[in-house]
Amino acid sequence: MQNNADLLFWHQRFLTQAKWSAQIRRHLLKEIGGYPIRQILEVGCGTGAVLSDPIWEPYRRLGLDIYYPYLKHAQHNLPNIQFCQADGYHLPFAANSFDLCYTHYFFLWVEPEQALRELVRVTRSRGFIAALAEPDYGGRIDYPPPLATLGQLQITAIQKAGGDPFIGRRLASLFSKSGLINLHVGVFGAYWIYPPDIEVTTSEWLALRFDLQHMLSPEEIDLWQTIDLNAWEKGERVLFVPTFFAYAQKP
């Protein structure tokens, strides 16, 4: 069970991730602007970081997650949004209930075919389903070269935790095989700033420590963090994890 400090950390982490995909949300709504959207659903909403984006305010919003402490935090901060506790494999909604269903760093951690079937089921005909952010660590670029080992360690850690570190490249296939139409798939762009934002690097390393805690000793993690931060300070560090998005329409 997470304590309050852990919960606040993950909320801030989710807010950081939500910033990364903000442009994709705006692109999505622009592209589907001709379809009347009234009700939207986020599956795997966590603490409500993405649902809190003002871009969703014109719509009736509902967030679903399996983890109650996240939902309690979200409901406290976002009293005008409905939240529901359930798992993504058995959505407690009738078929054809939502105009837009989306996820955010979700398929990474679930059996995606089953979860996508449920999303399709609860989406109305001509409605949209979107995966706003799914990483592909198999395409990760780490520079200077010694830091490539750190990337491989994170891939192993995600696999040990039950995740699929290569889910990004599978999105197009998943959506196509589900019977969706008018499929669009893309990858986030990237750029680097030196020196980096200390808040971002701190967040990244707290999350990385969580991933690596059962594989490396605290001293080993400290060493990798030192190597990483030294590369940033020298203006040498490049870290790129391709992050895919996809959206499509239900026939």
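**W56 and Y102.** I started with W56 and Y102 and found both buried; by buried I mean under 20% relative accessible area, with exposed over 50% and partly exposed in between (1.4 Å probe, protein chains only). This is a predicted model, where local features need pLDDT of at least 70 and side-chain atom pairs count only at pLDDT 80 or more, while totals for chains, interfaces and linings use all residues. Residues are numbered from 1 along each chain as its sequence is written, and side-chain values use heavy atoms, with hydrogens and water left out.

**Aromatic pairs.** I counted 12 aromatic pairs in the structure. Rings of Phe, Tyr and Trp (its six-membered ring) pair if their centres lie within 6.5 Å; planes under 30 degrees apart are stacked, over 60 edge-to-face, and the rest tilted. W56 and Y102 are stacked, at 4.9 Å centre to centre with 15 degrees between the planes. They sit 46 residues apart, W56 in the loop between β1 (39–43) and β2 (60–65) and Y102 in strand β4. My helices (H or I, at least four residues) and strands (E, at least two) are DSSP runs, numbered from the N terminus.

Next I looked up F188 and F245: their ring centres are 6.3 Å apart and the planes are at 40 degrees, so the pair is tilted. This pair also links distant parts of the chain, with F188 in the loop between β7 (181–187) and α7 and F245 in strand β9, 57 residues apart. F188 and F245 are both buried. I also noted a cluster in which ring pairs link F9, W10, F14, Y67, Y70 and F210.

**Around W56.** What does W56 touch? Leaving out residues up to four places away in sequence, I listed R25, L29, I40, V50, L51, R61, L100, Y102 and L132; contact here means heavy atoms within 4.5 Å.

**Cores.** I took a nonpolar core as a set of buried Ala, Val, Leu, Ile, Met, Phe, Trp, Tyr and Cys residues joined through side-chain atoms within 4.5 Å. The largest has 35 residues, and L28, L29, W56, F83, L100, Y102 and L132 have the most contacts inside it. At least two residues of this core come from each of α1, α2, α3, β4 (98–103), β5 (123–135) and β9 (243–249). Helix α1 gives the most, with 5 residues. A second, separate core of 32 residues includes L64, V122, A131 and I158.

**Helix α1.** I then followed α1 (residues 4–20): its 17 residues reach 25 Å from first C-alpha to last, close to the 24 Å expected, which is 1.5 Å times one less than the number of residues. Its buried residues are L7, F9, W10, H11, R13, F14, T16, Q17 and A18. I found them packing against α2 (22–31), α3 (68–77) and α7 (198–212).

**S97.** Is S97 buried or exposed? It is buried, with a relative accessible area of 14%. S97 lies in the loop between β3 (82–85) and β4. Beyond residues up to four places away in sequence, S97 touches Q39, V122 and R124.

**Whole chain.** I counted 8 helices and 9 strands. The radius of gyration is 18 Å, close to the 18 Å from the globule rule for 251 residues, so the protein is as compact as a globular protein of that length; the radius is over C-alpha atoms, and the rule is 2.2 Å times the number of residues to the power 0.38. Buried residues make up 51% of the 251. Among contacts between residues at least 6 apart in sequence, 75% join residues at least 24 apart.
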